Amino acid sequence: MKKRIIAICLVAGLLLVGFQVVNNQLHLLQSPGVVISDYVEPDYELGPSHVDSLLPFPDVKKGERTPFDLWRYGGKGKTSFTTPDLRMSWEEWLAFNKKQKPELMADVREYMDSRYDFNGEVHEGKFMSGGRNPIMKGPIARLPKGVKSFEELSELTAREIRERDLFPFKPLAHPLASTAHMVFPDNWNEAHPEHVRIDMDHDFPVEYLPEFPPPMFLTTHRELGDVTKGREVTIANYYEIFNGLLTPEQMEGLKELLRPSPTTWFNHTTHRVTEAPSAGVSCFSCHVNGHTNGAFELGPDSRPNLARLRVGTPTMRGNYNLMQLSSKRSIRSMDHFAEVEEYFDGDPGMQQHIGPRSQKREVTNRMGDFNSILDFPPAPKLDGMGNLIPEKSTKQELLGQELFRGKAKCVQCHYGPAFVDDYMHDLKVERFYKGRPEGPIKTFPLRGIKDSPPYLHDDRLPTLDDATEFFNIVLELGLTKEEKDAITAYMMCL
């Protein structure tokens, strides 16, 4: 009995270790922290980009439509966490999305047509590296009413453009941000109908997306050119294609890059956006052949869902020569990239409900080993130091190189063998429109850039010409039309 009393006292004493008595009241030892009683938040010169000037995010449930202009909204969500439960039965969810999809996509097409003129014009004689897809000509972003040319627009100040709502390159949102997740292009879905969504389709014509399937180039076998010979690499054919070319470690890494895994909305449960249960997606479902098919998602690095930035799929080519591998976050190696569980939208709590990838460090290292031999496409007009070879280049291309390194200031962020500085930059694009600041975004490499439309992290620039116009306005460069055309011609050589 005495021992039992002593044990009870010891337990009670341990329970009280985290507490103290002050003025006869029991308090947690953890201090509450300082609170400034008369705190008034400075504006920080954010002006119309400050949260007080933005619209509050709408209260939407899974699957419900969201505004196409989400950059005008700001604030905090109810929670950072996702639940694995639908807000209705599976039969109701399927019927709801099948009814809403035609109406949503009709509005998406109307919205995209209000922003872009997908006219199908091409740069004559210019093709992506596979030689099949022509490079689309732009700019196709529509000018605002009352503005006759991009040259006229670039003469206005940032304040004038913002106050008159003239900026043609506002952010591009995920068309259904309440559900979000990966949206595959039509040509991918034709080959992989298991990824057709019940709620929405891609919002770009396939002509303005990367060629499919794209060629694959290896640093270890440049003599082979496109090692795939026009094939999409799959779990069914990778052994046939690569046996005898790769090390066993690289073969293992490639297999894991091709193996489907459950994701937040592509899986075997009823928490999905496909009509039939799905095995999920693989790394190469979006980064097909180590490149990109133009699928888009939402960045996993923010909350609420409606504040997450739309992100396109960047190419994996040439990542052996990069130090930053993410739009917003600091991912520093190919191994680290393979470890990151982006498929669950930055919510590891969903993994226990849907199924984790369950890959050990040694496996992700092997995935990184294969990723690290994906090469840029050939650039026959560049010499060993990345300079244009004069006898192989046109006067327009040579002028573009001169402008790139001078007046256009491109070289300040795009230099070296990959034409990238590996930093994140905040261009403060919100100077030109009333909306939420986008913050720093990684500089992406320009080597092989002609193969990776659309451009910028959220795909808002469909062509290289649109990208040139965007930076001419945002950096206030004052380039002429001839100079802008020359820069575009130069980038097609990289």
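Here are a few friendly notes on how parts of this predicted model pack together.

1. Let's start with the nonpolar cores. The largest one has 58 residues, and Phe-167, Phe-169 and Ile-473 have the most contacts inside it. Several elements each supply at least two residues of this core: helices H2 (90–115), H3 (150–154), H4 (158–163), H12 (395–405), H13 and H14, along with strand E6 (134–136). In soluble globular proteins, nonpolar side chains tend to be buried together.

2. Now pick out Ile-473 in your viewer. Leaving aside residues up to four places away in sequence, Ile-473 touches Phe-150, Leu-153, Ser-154, Ile-161, Phe-167, Phe-169 and Phe-432. There is also a second, separate core of 28 residues, which includes Met-216, Tyr-238, Leu-322 and Ala-338.

3. The axes of H13 (residues 464–474) and H14 (residues 481–491) are 9 Å apart, at an angle of about 130 degrees. That angle makes H13 oblique to H14. The crossing of H13 past H14 is right-handed.

4. Which residues make this contact? From H13 come Leu-464, Asp-465, Thr-468, Glu-469 and Asn-472, while H14 brings Lys-484, Ile-487, Thr-488 and Met-491. Sorted by type, the residues of the contact between H13 and H14 are 3 nonpolar, 3 polar and 3 charged.

5. Finally, turn to helix H7 (residues 248–258). Its buried residues are Gln-250, Met-251, Gly-253, Leu-254, Glu-256, Leu-257 and Leu-258. What covers them? The cover over the buried residues of H7 includes helices H6 (238–242), H8 (283–286) and H11 (361–371).

Terms used
Residues numbered from 1 in each chain as written. Predicted model: local features only at pLDDT ≥ 70, side-chain atom pairs only at ≥ 80, totals over all residues. Heavy atoms only, no water. Axes fitted to C-alpha atoms, helices over the stretch in contact; angles between N-to-C directions. Helix = DSSP H or I, 4+ residues; strand = E, 2+ residues; numbered from the N terminus. Parallel < 35°, antiparallel > 145°, perpendicular 65-115°, else oblique. Left-handed = near helix turned anticlockwise from the far one by under 90°. Contact = heavy atoms within 4.5 Å. Nonpolar A, V, L, I, M, F, W, Y, C, P; charged D, E, K, R; others polar. Core = buried A, V, L, I, M, F, W, Y, C linked by side-chain atoms within 4.5 Å. Buried < 20%, exposed > 50% of the residue type's maximum accessible area, 1.4 Å probe, protein only.
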